[in-house]
Amino acid sequence: MAKVVVIGAGPAGMMASITASKEHDVILLDGNEKVGKKLFITGKGRCNVTNNKDISEFFDYIPGNPFFLYSSLYTFTNIDTMNFFEENGIKLKVERGGRVFPESDKSSDIIKGLEKALHKNGVDIRLKSKVKKVNHRDNKIISVVDSNNNIIKGDYFILCTGGKSYPLTGSTGDGLTFAKKLGHNIVEPKPSLVPVEIKEDWVKRLQGLSLKNVKLSVYENNKKVYDDIGEMIFTHFGISGPLVLSASRHIHDVNQNSYYCELNLKPALDEKELDIRVQKDFKKYINKDFVNSLDDLLPRNMIPEIILLSGVDSHKKVHEITKAERRNLVSVLQHLKMSVEKLRPIEQAIVTAGGVDTNEIDPSTMQSKIINNLYFAGEVIDVDAFTGGYNVQIAFSTGFIAGSKVGK
């Protein structure tokens, strides 16, 4: 039996270890005190483990090198992921948008399922064993040295160290440094799926307010590059939440390009329908002050900001509001403009865009085209997807391919 050394115990590394251990002796190294540290915090601690859409639809949600992933996603599909967890005693459920979660809403259960399979397959798990150095000769890795100065030799090595997001979970970009020293080209890591900083003060005053079923559009140099409907939250610096994270993937160089986001609070209604709705509310509150007429339409703490943006005196009686003022209010509700200052730092990104150049990896095996006995899996590769379980599925699929093809 060959000895396979897997570096990084995230979803890709654990799946690679489980799969490789069916034919090889496997050592799994990780610098943390437990496996799956980043997986533990995904999906607000619930772990959106995959998506139940048809696998052919996944590629529409992968902006970062989708074609590279055809082989891996079709070899180990979302159905395979769901079956894997069910077989390891973890019940799953499907929520809005096809998102798949553990029935318990605990990411720790997903990690338990992976740990069960690791132990069942006899994987040698070595925690608090962060790889510090990779020794290679003649296009082959000979050994790695860990933080305890242990020299770990192997016949094959699978690098699953993640990107540069959430460094406290161990994703510090070490794997990219190793890959570069071994001769690989690294596509510059950038934040993907990251909160957005906004210039306008009214946005920051709404800190903590969550919105559902709103439409967010992104404009680059006044041209729309993205829109979708979903959930978001206002923060002390700007905006965040699932809708914003996906939108951020379309915001690139804020120094070279001008970006703004447009928020439609009532996307289910067109302008005419919303105007009729506002008229109904005005009729209901006809003798009230304007400030007291919007309770049925908006969250209470948003009302003062909308009034300010509408330019209408908050204490003007509703029956005194002109048609032009009412129509301007409707326009504000559907076209709230927010100027993008910048993206939050890569350390706050859910996912890293960039990584090891996919041109230097065989997509059918995840084997390096430069180092003969090296394989890659997961976020260390230059691939990334939107929220919804797609990134975790990519980790499992690439991990499975690397583990099943290693040494062949």
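Trainee: Which residue in strand 8 is the bridge partner of Lys133?

Mentor: Start with the elements: helices (H or I, at least four residues) and strands (E, at least two) are DSSP runs, numbered from the N terminus. Strand 7 covers residues 131-137 and strand 8 covers residues 140-146. The partner of Lys133 in strand 8 is Val145.

Trainee: What kind of model is this?

Mentor: Residues are numbered from 1 along each chain as its sequence is written, and side-chain values use heavy atoms, with hydrogens and water left out. Local features need pLDDT of at least 70, side-chain atom pairs count only at pLDDT 80 or more, totals for chains, interfaces and linings use all residues, and the model is predicted.

Trainee: How many bridges link strand 7 and strand 8?

Mentor: Two strands pair if DSSP finds at least two bridges between them. Strand 7 and strand 8 pair in the antiparallel sense. Their hairpin has two residues between the strands, and Asp138 takes a positive phi near 50°. The bridge count for the two strands is six.

Trainee: Why is one side of strand 7 and of strand 9 left without a neighbour in the sheet?

Mentor: Three strands form an open antiparallel sheet in the order 7-8-9. Strand 7 and strand 9 (151-153) stand at its edges, so each has a single partner strand.

Trainee: What is the order of the five-strand open sheet?

Mentor: Here the pairing is parallel. Strand 6 (124-126) and strand 19 (374-376) stand at the edges. Strand 2 (residues 25-29) joins strand 6 over three bridges, with Ile27 partnered by Asp124. The order is 6-2-1-10-19.

Trainee: At what angle do helix 1 and helix 12 pack?

Mentor: Axes are lines fitted to C-alpha atoms, for helices over the stretch in contact, and angles run from 0 to 180 degrees between N-to-C directions. The two axes are 7 Å apart. Helix 1 (residues 11-20) and helix 12 pack at about 30°.

Trainee: Is Ser397 buried or exposed?

Mentor: Ser397 lies in helix 12. Leaving out residues up to four places away in sequence, Ser397 touches Ser72, Leu73 and Phe76. Buried means under 20% relative accessible area, exposed over 50%, partly exposed in between (1.4 Å probe, protein chains only). At 0% relative accessibility, Ser397 counts as buried.

Definitions and conventions:
Contact = heavy atoms within 4.5 Å.
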